Amino acid sequence: MYYFILIAMIGVERVAGLVVAQRNARWSIAHGGKEFGLDHFPAMVSLHSLLLVSCLVEVWSLGRPFAPWLGWPMLAVVVLSCLVRWRCAAALGRLWNPRLIVIPGAPLVRRGPYRWVRHPDYIAVVAEVAALPLIHSAWLTAIAFSIANALLLNVRIRLENAALTYV
């Protein structure tokens, strides 16, 4: 029961992120922002939405147990990854967006987690995608979505690096 509540909370957090992203997209475009990689964004939204559904389906349909030795550490990873993702959003401010919008001439952000890593948000997403299903032993979902996420992030990071050199 608590796992279902957690998944619902993650879903609400994702919707809140999309609301912030929409506001930031309007601001970025109004300030000359150019959007890249339009075709991959729906795949990202679908992947993250299906991850939440798959977590619930695997736990419910296959009777996956909560194993404290695995579940508690994975919950800590999920909480930490959410904190890192929102810290990334705070560091980027209005520039933060899961859509790939770049404002020509805007300097790269070098504060917050970006001081140490070029793509800290993606590290947090990789951790969350793997850990969220494992909180309740949904290992099939963890494997399948980690692979799908890796493939999608490979495309995304290449697009983002190219877009950042464009401007």
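## Starting at Thr 165

Thr 165 has its place in helix 5; helices (H or I, at least four residues) and strands (E, at least two) are DSSP runs, numbered from the N terminus. At 64% relative accessibility, Thr 165 counts as exposed. Here buried means under 20% relative accessible area, exposed over 50%, and partly exposed in between (1.4 Å probe, protein chains only). Thr 165 and Leu 92 are 73 residues apart along the chain, and their C-alpha atoms are separated by 18 Å.

This is a predicted model, in which local features need pLDDT of at least 70 and side-chain atom pairs count only at pLDDT 80 or more, while totals for chains, interfaces and linings use all residues. Residues are numbered from 1 along each chain as its sequence is written, and side-chain values use heavy atoms, with hydrogens and water left out.

Let's turn to helix 3 (68–92). Among the buried residues of helix 3 are Leu 70, Met 74, Val 78, Cys 82 and Arg 85. The buried residues of this helix pack against helix 1 (2–30) and helix 4 (120–134).

Just after helix 3, Gly 93 takes a positive phi of about 60°. Further along, Arg 99 sits in the loop between helix 3 and strand 2 (100–102). Arg 99 counts as buried because its relative accessibility is 18%. Leaving aside residues up to four places away in sequence, Arg 99 touches Gln 22, Ala 25, Ile 29, Glu 35, Phe 41 and Arg 156, where contact means heavy atoms within 4.5 Å.

## Helix 1 and its two partners

How do helix 1 and helix 3 cross? Their axes come within 13 Å at roughly 10°, so helix 1 is roughly parallel to helix 3. Axes are lines fitted to C-alpha atoms, for helices over the stretch in contact, and angles run from 0 to 180 degrees between N-to-C directions. Angles under 35 degrees count as roughly parallel, over 145 as roughly antiparallel, 65 to 115 as roughly perpendicular and the rest as oblique. The contact includes Leu 6 and Ile 10 of helix 1 and Val 78 and Cys 82 of helix 3.

With helix 4, the axis of helix 1 comes within 11 Å and crosses at roughly 155°, which makes the two roughly antiparallel. Here Tyr 3, Leu 6, Ile 7, Ile 10 and Arg 14 in helix 1 meet Glu 128, Leu 132 and Pro 133 in helix 4.

## Helix 4 and the cores

Helix 4 is mostly covered, with 11 of its 15 residues buried. Leu 132 and Glu 128 are among them. Not counting residues up to four places away in sequence, Leu 132 touches Tyr 3, Leu 6, Ile 7, Ile 10, Leu 51, Leu 52, Cys 55 and Val 78.

The largest nonpolar core has 25 residues, and those with the most contacts inside it are Tyr 3, Ile 10, Val 78, Leu 132 and Ile 135. A nonpolar core is a set of buried Ala, Val, Leu, Ile, Met, Phe, Trp, Tyr and Cys residues joined through side-chain atoms within 4.5 Å. Helix 1, helix 2 (41–62), helix 3, helix 4 and helix 5 (139–166) each supply at least two residues of this core. Its largest share, six residues, comes from helix 2. A second, separate core of eight residues includes Ala 21, Leu 92, Trp 96 and Val 109.
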